[in-house]
Amino acid sequence: MGVSTDRIRGSPGLNLDHLECCICHEILWKPVACQSCETPFCSACIRQWLNEYPTQCPNRCQAYNERKCPPFVAKVLSQLKVACIYDSNGCEEIISYEALDKHEIECGFQLHRCSGCQSEILKKDSDNHEINCEAIEIVCPDCKIVYKRGDATKIHTETVCLKEQLRQLRNESKENKREIHELNLQLHEMRLLSPWIKEMKITFDDLPLATDETKRMPIVYRGLKWNNMKYGYELYLSKKHPKSGYINCFIPGSSPNIAFFKDDVSFGVVTRNDSITFYSLTACAAWNDDLQLTIAGYRGSMEINKHAVTLLFGKPQFILLNWKDVEKIILKSAGGTAHPDSGGLSATHVILTQITIGPAD
C-alpha cells in the first residue's frame with residue numbers, strides 16, 4: 001500500500017523510521033491520521049483495516065476518528081525523491097513525492113495489454129505495436145466485415161468486400177419493398193373502410209393502464225370474446241424487456257398499450273350465429289426472427305379461411321385479409337430463432353398493435 005524504502009533516492013539526511021505506516025511498514029502514501037493518537041497511516045491501509053475493525057484504531061484508541069496527516073510529517077514526505085514504480089521496465093525518472101502519483105498514471109513504461117495478440121507492451125510502444133499487430137480486429141467501413149489484420153488477404157479481399165456490400169444492398173432493397181407493400185395494403189384498407197375506419201380499428205388504447213404488470217384481456221372487449229390474450233403498457237414493457245421487440249412497436253402519439261400472446265389465442269363474436277368481417281391486423285415477433293404465424297377464420301366449427309405469414313423481430317407487419325362472415329379467429333405461433341439483440345431468449349410471443357373488425361356485410 002505504501003512506498004517501498006528501496007525506491008527512496010538522494011535523501012541521506014532524512015530519518016525514514018517515523019515516516020513508516022504501522023500497518024504496511026512501508027513509507028506513508030497519501031497519509032491520514034487518527035485524531036486521538038495522531039498516528040499517521042496510508043489512506044488505503046486504514047480503509048482496509050476499518051473494513052475489518054470499523055471503529056477501532058490500530059493503536060487501540062477508544063475510537064478511530066480521522067483527521068489530516070500532521071503537518072510536520074507531510075513536510076518531510078514532500079522532501080523525498082522517489083524512483084518510479086516502473087523502473088524495472090526501464091523508467092529512470094526520479095520524482096518528487098508530491099508529483100509521483102501523476103507521473104505513474106502517465107508513465108510510458110507501464111505495461112499495456114494488446115487488444116489483439118494479448119501481449120504485454122510498454123505503454124509508450126503500444127500505439128505503434130497496435131498499428132502493425134496482425135491479431136488486431138478491424139471493421140471494414142464499407143462492408144462492416146470484422147477481420148484480423150493478418151487475415152486480410154484471405155478473409156477480406158476486394159471481391160469479398162464487394163460481394164458483402166451487394167448482399168447488404170439486396171437485403172435493404174427487400175426491406176424497402178416489404179415496407180412499400182405494407183403501405184399499399186394499408187392504403188387499400190383505408191379506401192375500403194373510410195370513413196368508418198376509426199370505429200372499426202382496435203388499438204387497445206381504451207384498456208386500463210397496466211403500469212406495473214401485464215394483464216389479461218377482458219373476456220369481453222369491444223364487442224368481442226377474447227381467450228388467452230394479454231396486453232401491456234409501454235413504460236412497463238420498455239423497462240421490463242428492454243431487449244425485446246416490444247420496444248419497436250410503440251409509436252409516439254399512438255396507443256400506450258399493445259396486445260400479445262404466446263403459442264395460440266382466439267377472439268370472436270359473443271352471440272352464437274353472429275358474424276364479423278375481419279379486415280386486418282398488424283403483428284410482429286417479440287423475441288424470434290422468422291416466427292411463423294397462422295391465422296384461421298371459422299364459421300361454427302368449420303375453418304373457412306386460412307393465412308400463414310413469417311414475422312420478424314420488432315418489425316410490425318400489416319396483414320390485410322378482408323375475411324367476410326366469420327365467427328371466430330384463431331392465431332397460432334411457432335418456430336423461429338432468437339434474434340441477436342434479444343439477449344439470447346427464444347420465445348414464440350406475437351405482438352398485435354391493431355386489429356380491424358367490421359360488421360358482416
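**Close-up views of a predicted model**

**View 1. The stretch from residue 21 to residue 58.** Over residues 21-58 the chain is 26% helix and 18% strand. The model shown here, and in every view below, is predicted. An unreviewed UniProt entry annotates residues 21-58 as "domain: RING-type". That label comes from the record.

View 2. Helix α1 spans residues 43-52. Its buried residues are S43, C45 and I46. Seen down the axis of α1, these buried residues fall within an arc of 155 degrees, so they line one face of the helix. The other side of α1 carries R47, N51 and E52, which are exposed. What do the buried residues of α1 pack against? Their partners are three strands: β2 (31-34), β3 (40-42) and β4 (66-68).

View 3. Helix α2 covers residues 71-78. V73, V76 and L77 are its buried residues. They cover an arc of only 100 degrees around the axis, which puts them on the same side of α2. P71, F72 and K75 are exposed, on the face turned away from the buried side. The buried residues of α2 pack against β2. Strand β2 also takes contacts from the buried residues of α1.

**View 4. H25 and its positive phi.** H25 sits in the loop between β1 and β2. Its phi is positive, about 60 degrees, although H25 is not a glycine. Most residues other than glycine have a negative phi. Is H25 buried, partly exposed or exposed? H25 has 49% relative accessibility, so it counts as partly exposed. The cut-off for exposed is over 50%.

**View 5. The K30–D101 salt bridge.** The structure holds eleven salt bridges. One of them joins the side chains of K30 and D101, at 3.2 Å from N to O. K30 lies in the loop between β1 (8-9) and β2, and D101 in helix α3 (residues 100-106), so the pair ties together parts that are 71 residues apart in sequence. Both side chains belong to partly exposed residues. K30 has 44% relative accessibility. D101 has 29%.

View 6. The side chains of E164 and R167 meet at 2.7 Å, N to O, in a salt bridge. Both residues lie in helix α6 (residues 158-193). They are three residues apart, about one turn of the helix. R167 is partly exposed, with a relative accessible area of 41%.

**View 7. D206 and R222, a bridge between two loops.** D206 forms a salt bridge with R222. Their closest N and O atoms are 3.7 Å apart. D206 lies in the loop between β11 (201-202) and β12 (215-216), and R222 in the loop between β13 (220-221) and β14 (224-227), so the pair ties together parts that are 16 residues apart in sequence. D206 is partly exposed, at 45% relative accessibility. R222 is partly exposed too, at 34%.

**View 8. The backbone at R222.** R222 has a positive phi of about 55 degrees, although it is not a glycine. Its place is in the loop between β13 and β14. H25 also has a positive phi, of about 60 degrees.

**View 9. A nonpolar patch on the surface.** Which residues form the nonpolar patch? I219, V220 and V270 do. Together they have about 280 Å² of accessible area. V270 is found in the loop between β17 (264-269) and β18 (276-285). V270 counts as partly exposed, at 45% relative accessibility.

Note on methods:
Residues numbered from 1 in each chain as written. Predicted model: local features only at pLDDT ≥ 70, side-chain atom pairs only at ≥ 80, totals over all residues. Heavy atoms only, no water. Buried < 20%, exposed > 50% of the residue type's maximum accessible area, 1.4 Å probe, protein only. Helix = DSSP H or I, 4+ residues; strand = E, 2+ residues; numbered from the N terminus. Arc of directions from axis to C-beta. Contact = heavy atoms within 4.5 Å. Patch = residues over 30% accessible without salt bridge, like charges linked within 9 Å, V, L, I, M, F, W, Y side chains within 5 Å. Areas by Shrake-Rupley, 256 points an atom, 1.4 Å probe, with all protein chains shown as cover. Salt bridge = Lys/Arg side-chain N within 4 Å of Asp/Glu carboxyl O. UniProt positions renumbered as here; feature names shortened; annotations may be inferred.
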